[in-house]
Amino acid sequence: MTEPRGPVDSSRVPRFAGPATFARLPRLDEVSGADVAVVGVPFDGGVSYRPGARFGPAAVREASRLLRPYHPGLDVSPFATQQVADAGDIAVNPFDIGEAIETIQDAANGLQADGTRLVTIGGDHTIALPLLRAAAQRYGPVAVLHFDAHLDTWDTYFGAEHTHGTPFRRAVEEGVVDTSALSHVGTRGPLYGKQDLTEDEKLGFGIVTSADVYRRGADEVADQLRQRIGDRPLYISIDIDCLDPAHAPGTGTPEAGGLTSRELLEILRGLAGCRLVGADVVEVAPAYDHAEITSVAASHVAYDLISLLALQGKRETTDE
């Protein structure tokens with residue numbers, strides 16, 4: 001087995017120098033293949049309020065320069081036990097949502113055709129639908145953990161079926177998700193009406209609000225989520241606005257009363273052992289950020305997701 005090629009050595013090349021790939025990892029075209037590919041989708045044509053998430057992938061990559069190769073919380077070296085590479089950005093049509101969705105789905109199918117698992121950086125949450133389609137095409141209907149201030153299961157906006165507020169309703173309707181294992185985490189804030197919750201429940205989602213996390217703690221919440229997921233293939237979709245604006249001001253639809261970055265990371269770490277098959281981190285809008293607070297948080301979230309995939313790879317190797 002070829003030894004994975006890791007990040008650029010920061011003792012030889014300063015962290016602020018060189019190409020801004022995620023965590024200073026090699027590009028996908030610089031390695032023979034990858035177990036995990038980090039891919040950007042600079043698209044925000046589906047937003048309903050503040051634009052700017054198209055600049056998210058670049059900001060998260062820049063903020064990831066300080067990430068280091070050993071994760072003490074999970075006791076794993078995610079870049080040493082698997083080949084992780086930066087696959088660059090999927091170039092999509094910024095003026096046609098339908099075409100953009102098709103492009104993302106086709107690109108995701110191509111990237112994961114050889115078994116590569118994807119950690120995608122958005123972009124707005126519209127991109128979750130084609131990524132879920134691609135995951136289901138490979139693994140069958142997937143369990144979903146959706147970290148978000150909002151439900152994102154509304155039907156339409158201004159008659160449009162594909163926006164950043166509708167991807168999970170479409171995913172249920174298309175049968176690409178396992179409706180026995182769907183959960184929102186971190187939801188809060190005003191809704192259009194109580195029917196939003198009723199319709200969401202009919203789609204199969206359970207809800208863990210940000211207040212639930214505050215009262216019950218990250219460990220108990222993670223345990224509940226693991227029980228709901230079981231051994232199903234799992235896709236994790238993280239809207240950075242699940243974090244409180246104090247921890248993620250740079251996002252398009254901020255809501256007060258959110259998770260802390262510590263709570264989010266601890267919940268993710270509590271999912272070690274789940275059968276993670278793919279993930280995304282979306283809605284980083286750097287124009288509204290301050291001192292890279294949001295992009296730093298997003299880069300650490302992506303790092304934890306990659307670390308969970310490293311543990312999953314080790315578990316599958318052991319099982320075999």
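**View 1. The largest cavity and the elements around it.** Strand 3 (117–122), helix 3 (128–139) and strand 8 (276–282) each put at least two residues into the lining of the largest cavity. This is a predicted model, in which local features need pLDDT of at least 70 and side-chain atom pairs count only at pLDDT 80 or more, while totals for chains, interfaces and linings use all residues. Numbering starts from 1 along each chain as its sequence is written, and side-chain values use heavy atoms, with hydrogens and water left out. Helices (H or I, at least four residues) and strands (E, at least two) are DSSP runs, numbered from the N terminus. On a 1 Å grid over the protein atoms alone, a cavity is a set of points where a 1.4 Å probe fits but cannot get out, and lining residues have an atom within 4 Å of a point. The space here comes to about 60 Å³, a volume being what is filled by probe spheres set on the points, with grid points joined across faces, edges and corners. Among the lining residues are Leu118, Leu131, Tyr235 and Val277. Eight are nonpolar, three polar and none charged, with Ala, Val, Leu, Ile, Met, Phe, Trp, Tyr, Cys and Pro taken as nonpolar, Asp, Glu, Lys and Arg as charged, and the others, Gly among them, as polar.

**View 2. The second largest cavity.** This one has a volume of about 40 Å³. Strand 7 (234–239) and helix 9 (293–319) each supply at least two of its lining residues. Look for Leu234, Ile236, Leu308 and Gln312, among others, around the space. Seven nonpolar and two polar residues make up the lining, with no charged ones.

View 3. Eight strands line up as 2-1-3-8-7-4-5-6, with parallel pairing; two strands pair if DSSP finds at least two bridges between them. Strand 2 (84–89) and strand 6 sit at the edges, each pairing on one side only. Within the sheet, strand 4 (residues 142–147) and strand 7 are joined by five bridges, and His146 has Ser237 of strand 7 as its bridge partner.

View 4. Strand 5 (residues 177–187) pairs in parallel with strand 6 (residues 205–209) over five bridges. Leu182 faces Phe205 of strand 6.

Notes: 1 Å grid on protein atoms, 1.4 Å probe; cavity = no way out; pocket = protein on both sides within 12 Å on 5 of 7 lines; lining within 4 Å.
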